Amino acid sequence: MAEWAAKRFWNSAEAVPEGEGFAVHLDGRPVKTPAKAALTLPSEALARAVADEWAAQGEKIDPSTMPFTRSANSALDRVAPQHAEVAEIVAAYGESDLICYRADSPRALSRLQAEAWDPLIDWARDVLEAPLIVTTGVMHVPQPATTVESLRALVHRLDPFALTALHDLTSLSGSLVMGLAALDGHASPETLWTLSRVDEDWQISQWGEDEEASELAARKRADFLHAAALYRLSRATR
């Protein structure tokens, strides 16, 4: 977005049908990505969200207030051209998923981790057909080859917009299973974010809250919820 004009140059922004998807037009002219590709969105709902961001701009364009536009640009300019490479990065989280590594002490923390993460372990086994090995400590434990391959196949099947969302959901939470659970609707994004924060929230309960860490966590939470919204809008049928 650094190449875009700093000042607003349009009056109206609208979502319009374009081939098998939807485009965003500014005064009747289609928006393009920074790489000059057509900004074609997979659903009208997502195109409207992008158009609303453009319509809401003041005299000067502020990219920080256009998260759906940024994500769409990323999906088209970065993820789509190197889909396999991005999918491999995301799938690799399944080999050392957050929910598989538990504290051996204190017992109260171990219990909180089990209560939060065991249902996701069960869901991965029963729904994703990806049984995971749970261990204590931080030493890496290899997961079954069939599990790794099942998770990898799920990730590689995603389209660029879904993969863009999953990349952020997974990297922000540290868990591919949580990312896939968000896409599946197994639990709300807010609930999944809270589940990803069990260790951090435990530390806060013991030692208090650090202002800088809290601000960082708030930004990550907003990005996690945005990624979930990106996926939901990209799949909307109306």
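Analyst: **Loop backbone and helix packing**

Lys-36 is located in the loop that runs between strand 3 and strand 4 (40-41); strands here are DSSP runs of E with at least two residues, helices are runs of H or I with at least four, and both are numbered from the N terminus. The model is predicted, so local features require pLDDT of at least 70 and side-chain atom pairs pLDDT 80 or more, whereas totals for chains, interfaces and linings use all residues. Numbering starts from 1 along each chain as its sequence is written, and side-chain values use heavy atoms, with hydrogens and water left out.

The phi angle of Lys-36 is near 70°, a positive value in a residue other than glycine. Lys-36 is exposed, its relative accessible area being 57%; the classes are buried under 20%, exposed over 50% and partly exposed in between, with a 1.4 Å probe and protein chains only. Asp-27 also has a positive phi, near 55°, in a residue other than glycine. Its place is the loop between strand 2 (21-26) and strand 3 (29-30). Asp-27 counts as partly exposed because its relative accessible area is 37%. Most residues other than glycine have a negative phi, and most peptide bonds are trans. In this model, a cis peptide bond links Ser-105 to Pro-106, with omega about -5°. Pro-106 belongs to the loop between strand 5 (101-102) and helix 4.

Contact means heavy atoms within 4.5 Å.

Asp-118 is another residue of helix 4. Asp-118 is partly exposed because its relative accessibility is 31%. Apart from residues up to four places away in sequence, Asp-118 touches Arg-102 and Gln-113.

Helix 6 (residues 160-173) contains Thr-170, which is buried at a relative accessible area of 0%. With neighbours within four places in sequence left aside, the contacts of Thr-170 are Val-90, Tyr-93, Ser-175, Leu-176 and Gly-179.

Helix 3 (residues 83-91) holds Val-86. With 11% relative accessibility, Val-86 is classed as buried. Val-79, Leu-163 and His-167 are the residues touched by Val-86 once those up to four places away in sequence are set aside. Between Val-86 and Pro-160, 74 residues apart in sequence, the C-alpha distance is 9.5 Å.

Glu-88 is likewise placed in helix 3, but Glu-88 is partly exposed at a relative accessible area of 34%. Glu-88 touches Arg-152 and His-156, residues up to four places away in sequence not being counted. Although Glu-88 and His-156 are 68 residues apart along the chain, their C-alpha atoms are 7.8 Å apart.

For the chain as a whole, the protein comprises 10 helices and 6 strands. Its C-alpha trace spans about 60 × 40 × 30 Å along the principal axes. Of its 238 residues, 40% are counted as buried. When contacts between residues at least 6 apart in sequence are considered, 65% join residues at least 24 apart. The protein exposes about 12600 Å², of which carbon and sulfur atoms supply 52%; the areas come from the Shrake-Rupley method with a 1.4 Å probe, and for residues only the protein chains shown count as cover.

Finally, the 22 positive and 35 negative charges of the protein have mean positions 4 Å apart. Lys and Arg count as positive and Asp and Glu as negative, while His and the chain ends are not counted; each charge is placed at NZ of Lys, CZ of Arg, CG of Asp or CD of Glu.
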